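I opened my notebook for a first look at this structure. Here is what I looked up, entry by entry.

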Amino acid sequence: MPPVAPRSGDAIFASVERVNAELFTLTYGAIVRQLLTDLEEVEEVNKQLDQMGYNIGIRLIDEFLAKSNVSRCVDFKETAEVIAKVGFKMFLGVTATVTNWDAEGTTCSLVLEDNPLVDFVELPDTCQGLYYCNVLSGVIRGALEMVSSYLNGRLGLSVDNLVSMKTEVTWIRDMLRGDDAFEMQVKLVKQVPEEYPYKDDE
Amino acid sequence: MQFFGGSEISPSPPVPTAAGNNAHMLYVFNRNGVCLLYREWNRPLKTLSPQQDHKLMFGLLFSLKSLTAKMDPTSADKGNLGVPQLPGQGCSFHSFRTNTYKLSFMESPSGIKIILVTHPRTGDLRESLKYIYNLYVEYVVKNPLYSPGNPIRSDLFNSTLDQYVRGLG
């Protein structure tokens, strides 16, 4: 029996159970609002949103893999494409574009024109340092950490290295701050080599 | 592996009836080797303690994955034996069969390994293992009270799994 082909983002989006977009946006807004009230410091809220995103990401990856049937990506470039086209489509209903690759292929930007999290949102003057969508950066970071990837030869290591991807995700452009789109920079910072978990003690 | 088709020396067990459970046992491991779930429906012979059994099973699969990739006649690039292999990259094994049981295996890119041991006349279980992975996502991953990396303690998951496995051919 031949292996099943990976499903496109649209196909999966059509088949999963969806929630009302406004409910989603307003619920997220309520979460951010509550965090601002509880923590007061905008930096703290940013960190907390990122942590929440991370906790979501480490679970989301399994749902993503189960529903989309993608096999392991050959390199980081393919990984970024899959996140932008299949991942975002499946969970948020929008696709992102991948741009701005650096020379080594370890850093790229994900650009979102349309972002359901920020509908109806305006940042007041008291919250100017807030990264409203920081949960998204946490989700990507968490999900990538759970997936191993083939480390390509360009980074100076042998092609056989199996590594887990530790990334840093930062916001470059933010529509709530007046830019024309949302742009996240995903940078592969550390490759933690995967080893056989049991030591050879017996 | 039957060399002589010999049924006198080591006969196969009878095919279970539809009423009984068709599977012997199920293991679920995560990428760190932690055994998240072990279900047993029909296992008359037990030789090792559970911890040793889990370690042995995990080690077996680790080695088998590496070995099957190295023996691949169609692949051009061969690394060192002992280096962990990526499933979906080149060849990945999915089952082996002996005269008394068949072991079916599936690994997700996130390192979740599902192993199902059934009677030897079972067909290809890859779709079933994918379905079990989906069940894992729905009942375990999406459960906010479950912490990833810990053994699964969910009655709902266990009973849904039992029901599904009972229906397998």
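Entry one, A:Asp180. I looked up how open this residue is in the predicted model. A:Asp180 has a relative accessibility of 55%, so I noted it as exposed, the cut-off being over 50%. Next I checked its side chain and found a salt bridge with A:Arg173, at 2.7 Å from N to O.

Entry two, A:Arg173. Is this residue buried, partly exposed or exposed? I read a relative accessibility of 24% for A:Arg173, so it goes down as partly exposed. I then found that A:Arg173 also has a salt bridge with A:Glu183, where the closest N and O atoms are 2.7 Å apart. This pair links distant parts of the chain, 10 residues apart: A:Arg173 sits in strand β4 (residues 162-173) of chain A, and A:Glu183 in strand β5 (residues 182-193) of chain A.

A:Glu183 has a relative accessible area of 7%, and because buried means under 20%, I wrote it down as buried.

B:Glu40 is partly exposed, at 33% relative accessibility. I also came across one network, made by salt bridges that share partners, which joins A:Glu63, A:Lys67, B:Glu138 and B:Lys142.

Which residues gather in a patch of negative charge on the surface? I listed A:Glu22, A:Glu113, A:Asp114 and A:Asp119. I followed up on A:Glu113 and found its place in the loop between β2 (107-112) and α5 (134-145) of chain A. A:Glu113 has a relative accessible area of 56%, so I marked it as exposed.

Last, I looked at B:Asp155 together with B:Tyr139: the two are 16 residues apart along the chain, and their C-alpha atoms are separated by 9.8 Å.

Key:
Residues are numbered from 1 along each chain as its sequence is written. Chains are lettered from A and ligands numbered from 1 in the order in which they are written. This is a predicted model: local features need pLDDT of at least 70, side-chain atom pairs count only at pLDDT 80 or more; totals for chains, interfaces and linings use all residues. Side-chain values use heavy atoms; hydrogens and water are left out. Patches are made of residues with over 30% relative accessible area and no salt bridge: like charges are joined within 9 Å, nonpolar side chains (Val, Leu, Ile, Met, Phe, Trp, Tyr) within 5 Å. Accessible areas come from the Shrake-Rupley method with a 1.4 Å probe; for residues, only the protein chains shown count as cover. A salt bridge is a side-chain nitrogen of Lys or Arg within 4 Å of a carboxyl oxygen of Asp or Glu. Lys and Arg count as positive and Asp and Glu as negative; His and the chain ends are not counted. The place of a charge is taken as NZ of Lys, CZ of Arg, CG of Asp or CD of Glu. Helices (H or I, at least four residues) and strands (E, at least two) are DSSP runs, numbered from the N terminus. Buried means under 20% relative accessible area, exposed over 50%, partly exposed in between (1.4 Å probe, protein chains only).
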